[in-house]
Amino acid sequence: MLRLEKRPSPSRFWQGATPILAVVLTMIAGGLMFAALGKNPFEAIRTIFWDPLFHPQFASYSRPQLLVKAGPLILIAIGLSLGFRAGIWNIGAEGQYIMGALFGAGVGLAFYPADLWFIFPLMVIAGAFGGWIWAMIPAILKTKFNTNEILVSLLMVYIAQNFLSSMSLGLLRNPEGGGFPGSRNLSQYPAASNPELIAGTGMHWGVIAAFMAVIAAYILLQRHILGFHIKLAGQAPRAARYAGVNPTGLVLLCMGISGALAGLAGLFEVSGPAGQISIDFNVGYGFTAIIVAFLGRLNPIGILLAGLLMALTYIGGELAQFMLGLPAAAIQAFQGMLLFFLLAVDLLSNYRIRLAHKKEAI
Amino acid sequence: MFGGIDPALLIASLMVASVPIILAAIGELVVERAGVLNLGVEGMMIMGAVCGFIVSVQSGSAVLGFVGGALGGAAMALIFGLLTQFMLANQVASGLALTLFGLGLSSLMGQSFVGIRPPSTGAVPLGPLADIPFFGRVLFSHDWVVYASIASVAATWWVLKATRTGLILRAVGESHDAAHALGYKVRRIRMLAILFGGAMAGLGGAYISMVRVPQWTDGITSGAGWIALAIVVFAAWRPWRALIGAYLFGGISVLQLNLQAAGARIPVEYLSMSPYVITILVLVIMSSGKGKAALSAPANLGQNFHASR
């Protein structure tokens, strides 16, 4: 019989190796799934992970997409990872993303068609505020009334989605859009648009914000007392209490940061790649970012890499849809599988697997 | 504003609307009583919905469809059980993974079944009872799953309160170390509870796709699993209160649908968000003040068990 023995402290080697092992296992299991769908598994895996970057014909289009897709994922995941480390589970980033986009786009559209330099910076602030305020609702309910933040933050996503459709059909609808739902296209309104900064790279302000968030989170966690408090609260809540960590403040801080970053991601998306508020503007970045945060082991640098990998599966998935006729849902299942394998192999970093002797196993 | 709404019809459809949530909430209630927090109810429900739908369409039998739905939910629960009980993974993260995976896989499986009608689940012939004015329509004109869902509440209440099985289950949830010291197989008991929870969530999902809607669309459960999780907290882990909570929620969702149909002056989007808003409000009321829900939570809820000896 196999027996598990708890390690005194998590193994450094396995902490680094488990995400890679999980990706490999997911490729194998995903290959089996693609084979079951009647596709050549090797071709499918190559189309998803290799072709977006190196295919002679498509790579020039899909390579810039890598940053476009990774930007919001990294930005949201960085925020979530702080909370997850402290044992605060904000799983409603999707709703905060929507609200950030609505607040930001709302501010931009209010100024239409003025051409003033401060419109875009104001939209950025409004976007962060939108996400922050939406995350503050579960945070304050948690601190004031001890309500479960997991359930509230998730239920707020459904509220935000209804709010989004109400806004795109009503208040924010393009008055020149011929009655179609959806707002004016912000990318055609220079003062409020978030354009590609360097042609052919996909780099926009959101990607820069994501990189800045990675650096800031790294410094916060490694060098700042707040980062220490966050880690302490997650690993030893009682010790944190004795060390004078204020749990209420930590909930407000972690939820606030993750909400504001998700709101920023929404704003940069609506003013850049998406261009407009529409009913189905959100595509699930808020949920995929949960996988990104775990795949990156809640570590800023790890999240950066995980975000790029996850973005690759998005682009590769689209390519596989186009070239092999692989259903879009298959990619979603594939991403879900990745989280399963990740959680499963995490066992190796916290436990040693030993062969148990009969005598011991009473 | 309420002029066009028939109260008998409203209560009758309320009972139907609550069924998926009752089933899923009762399943999750048992799981949480055993000390396991499975946040993947939404994923198990939607897999139950798609499996039930496919089986019922292929076999032409609604009963087999429900069996398929329960098996689909239980299969998802098995993954969760393996992860949390044997791989000792974090329960919150594993539950989320279950939901994300379930949403993707269900839409993959259901692709070729969009736009098909499933076989109908017949009403139970209660003869003269159904002819009683008002009460006949409200209580005695439903399909068998409605009655089965209420029976499941009663059965769960009885098992938890009055049987040895229930006592052991609660012991495992309150203190897994003590239960282990007494010689109970904590892991096995929890696995069984998780599988039961998955099967119930699967049944609830199958009811949505086979009776409530009835057809297959992506994301058909639209948060019912999360509502069920909230109902368990609302119920303070007691079966009958879960029934009340589910009826409260069902009542609100039916009422808002009726208001939409009656052409109320409130925009449709605000009506459709109302069930979620009210669920949050109820959660807040339950978790604050005198009747603090947290006090009645199983003591070992969400903690993994690893026998060092």
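First, the conventions. Residues are numbered from 1 along each chain as its sequence is written, and chains are lettered from A and ligands numbered from 1 in the order in which they are written. Because the model is predicted, local features need pLDDT of at least 70 and side-chain atom pairs count only at pLDDT 80 or more, while totals for chains, interfaces and linings use all residues.

On confidence: pLDDT is the predictor's confidence in each residue, from 0 to 100. Chain B averages 88, and 95% of the residues score at least 70. For the model, ipTM is 0.87 and pTM is 0.89. Where pLDDT is low, the predicted coordinates should not be read in detail.

Now chain B. What does chain B hold in helices and strands? There are 12 helices and 0 strands, where helices (H or I, at least four residues) and strands (E, at least two) are DSSP runs numbered from the N terminus. The radius of gyration of chain B, taken over C-alpha atoms, is 19 Å, close to the 19 Å from the globule rule for 309 residues, so chain B is as compact as a globular protein of that length. That rule is 2.2 Å times the number of residues to the power 0.38. Along the principal axes, the C-alpha atoms of chain B fill a box of roughly 65 × 50 × 40 Å.

Of the 309 residues in chain B, 52% are buried. Buried here is 20 or more other C-beta atoms within 10 Å of the residue's own, exposed is 12 or fewer, and partly exposed is in between, with C-beta atoms placed from the backbone. Helix α9 of chain B, residues 186-212, is mostly covered, with 23 of its 27 residues buried. From first C-alpha to last, α9(B) reaches 37 Å, close to the expected 39 Å; the expected span is 1.5 Å times one less than the number of residues.

Next, the contact between the chains. Two residues are in contact if their C-beta atoms, placed from the backbone, lie within 7 Å. Chain B supplies 40 residues and chain A supplies 39. On the chain B side, the elements giving two or more residues are α3 (62-86), α4 (91-109), α10 (224-234) and α12 (268-287). Which of them gives the most? α4(B) does, with 12 residues. The residues on that side of chain B divide into 28 nonpolar, 11 polar and 1 charged. Ala, Val, Leu, Ile, Met, Phe, Trp, Tyr, Cys and Pro count as nonpolar, Asp, Glu, Lys and Arg as charged, and the others, Gly among them, as polar.

Some local points. In the loop between α3 and α4 of chain B sits B:Leu88, which has a positive phi of about 55° although it is not a glycine. B:Leu88 is partly exposed, with 19 other C-beta atoms within 10 Å.

B:Gly302 is in the segment after α12 of chain B. Leaving out residues up to four places away in sequence, B:Gly302 touches B:Leu37 and B:Gln91.

Last, chain A. Helix α6(A) has a kink of about 30° at A:Met136, shortly before the proline A:Pro138; the bend is the angle between axes fitted to the seven residues ending there and the seven starting there. Just after α6(A), A:Asn146 takes a positive phi of about 60°. With 14 C-beta neighbours inside 10 Å, A:Asn146 counts as partly exposed.
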